[in-house]
Structures are given as structure tokens and as C-alpha cells.
Amino acid sequence: MNLNAPIAVIDSGLGGLTVAKAIHQVLPHERILYFGDTARLPYGSKSPKTVANFVKQIICWLRQYRCKHVVLACNTATALALPAVRNEFPALSISGVIEPGAKAAIVAAGSRDIPCIGVIATEATIRSRAYERAIGRRRHHAKILLKSTPLLVPMIEEGRGCDDPLVSLALRQYLHPLVERRLDVLVLGCTHYPLLKPAVLRILPAQVPVIDSAQMCAQDVERRLMRSHLLSPMHRSNEHWLTPVVTDDAERFQTLASRFLGEPVPAPHTLSVDQLYIATAAVAAERYVKSA
Ligand code: DGL
């Protein structure tokens, strides 16, 4: 394995940049290949089978880069596809965002007897009950309030920010029922949502910690690379740390990504969904030849 190989970070759109940014802060020498499946966004309203297929296709296409690690920087993809892709690509190191997010929520809940943990996420993530299971594995006695918040991803991808009146209205509608039930911790169970964190904090009581999994996920990636002796030794001053690839609307992605990261982002390479199908067929053909 080449130590200078990139880490792949996958999301349906902009959301995974919150994770890419956190990884860059923890591991500044690493190159990050960012894949935003903007042509097929949102993932959160799709079925488990569809999302798992999307993720498998992306991983087949990524094979040419021989990535040292793949992060599903998308809660929906983690909830619906992580076990399936681990099973299908056993030699590839792959991690997700739900376990690190659940861990952070438990830490934030502290020593309360029965903490009340709220999770907002896409419809698919909520339906999967993945957070309930991940939190339940660590704390048997926790009250978990799950709330799907499907309007947030389209608004973020439209470029609406914290001061947008529609965003404030939607957040108030979504969060008030949780606040009324006196939640102790709120988990942002979608990697897009940290982009609205200041607006969320304005609505919640001051003592309620707001968890996003990006930081914990970055530390998890660092641990995995350290354990397998794959940390990159080189400082690459002349090369941007981020290589973005999208399946549609590269210009909008570049503008919003640069605004979010606070630095100019290189023009994304645009890939058609057909190229993903071709890569998937090539992997299937290769496996067939090997097994024949
Ligand atoms: N950012 C993604 C997540 O964490 C998904 C958004 C979507 O495509 O619905 O769930």
C-alpha cells in the first residue's frame, strides 16, 4: 500500500466536506479524494437497496486510485450500505460516521442516569434505527428521540445558510418538539447539518450540547491509519489537499465548497453516472474471470 495514496471521502453532496475538513485538520499531510454524488442527491429519501448500489458503484470507480481508506461521510450511506460494502470489498478499509457520532453523544450525555438523546437525520437514517442501535450498544438506559428532517439537505445544497428565514422556520418546526421533551443532547445525524449548527444553537437551550460526528470520525480515521502504519509522511506544499469529484453541477459545488471551507477549492472533475456503471461492470467482469 502506497502511504501517499489518498483517503476517499464519499457523500451525496456537500455534507461530507464537514468530515473532510475535520480529517484535514487532524491529518494535514493526507490527500483527500472527495466524491459528491450530486446527480443522485438526496440519498436520504431513497431505499436501502438503491443507496447501497450507489455506494458500491462509487467504490468500484474509486478502485483505480488505490485509496488507503474510504470514509462513508454520509449517515444515510453508513446506515444503509456500510455492512454491504464491507462485505463486498473485504480487502478495503472502510469506515462510517454513525459509530463515532454515537460515541460522541454518549460522552456528551455524561453521568445522567437516563439521558435523553435527540437525533435529527434524513428519513432513511431515521427509518434504519442505526443510531438507536449504536447508542444502545453503549448505553442501555437512554431515551432516544428520533426526528427526520428531510427539508434541510435540499436547502443546504441550494446554498441557503444559517440566516435564511426558510432555514430558521424549518429548524424551529423540527426542533421544538424535541426541546419540549427536554432533551439533554442533540446529535446532528447527517453530515450536511453542521453547516447549520449556529442556527441550531440559537434554537436549543444553552445547556444542550450539539454533536456532529466529523471530529470523532476524523480521530477514528487517524487511529485506523496509525494502526495499519499508513499515515502519510510527506508534506505536499504544491498540491491542494482536496481533489473533488462530482456527478453533476461542478460549478455550484465549487462555489459552495469554497465558501464552506473558507479557501478556494480546485475545480471538481465531473463524472457521469454512466462511468460509474461502467466501472461496476468492469469489477464484475474481473471477478467473473477470476472465479472461472
Ligand atoms: N449527508 C448525508 C447524510 O449524512 C445525506 C444527505 C442526503 O443526500 O439526503 O445523511
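Which side chain has an N or O atom 3.0 Å from a nitrogen atom of the ligand? It is the side chain of Asp11, and the pair falls under what I will call a polar contact, meaning N or O atoms within 3.5 Å, where within protein one atom must be able to donate a hydrogen and the other to accept it, and residues adjacent in sequence count only if both atoms are side-chain atoms.

Before going on, this is a predicted model, in which local features need pLDDT of at least 70 and side-chain atom pairs count only at pLDDT 80 or more, while totals for chains, interfaces and linings use all residues. Residues are numbered from 1 along each chain as its sequence is written, and side-chain values use heavy atoms, with hydrogens and water left out.

Staying with the ligand, one of its oxygen atoms is 2.6 Å from an N or O atom in the side chain of Ser12, and an oxygen atom of the ligand also lies 2.7 Å from a polar backbone atom of Asn75. The protein covers 99% of the 300 Å² of accessible area that the ligand has on its own, with areas taken from the Shrake-Rupley method and a 1.4 Å probe.

Let me turn to Asp37, which is found in the loop between strand S2 (32-36) and helix H2 (48-62); here helices (H or I, at least four residues) and strands (E, at least two) are DSSP runs, numbered from the N terminus. Asp37 counts as buried because its relative accessibility is 0%, buried being under 20% relative accessible area with a 1.4 Å probe and protein chains only. The side chain of Asp37 makes a polar contact of 2.5 Å with the side chain of Tyr43.

Conventions:
Buried < 20%, exposed > 50% of the residue type's maximum accessible area, 1.4 Å probe, protein only.
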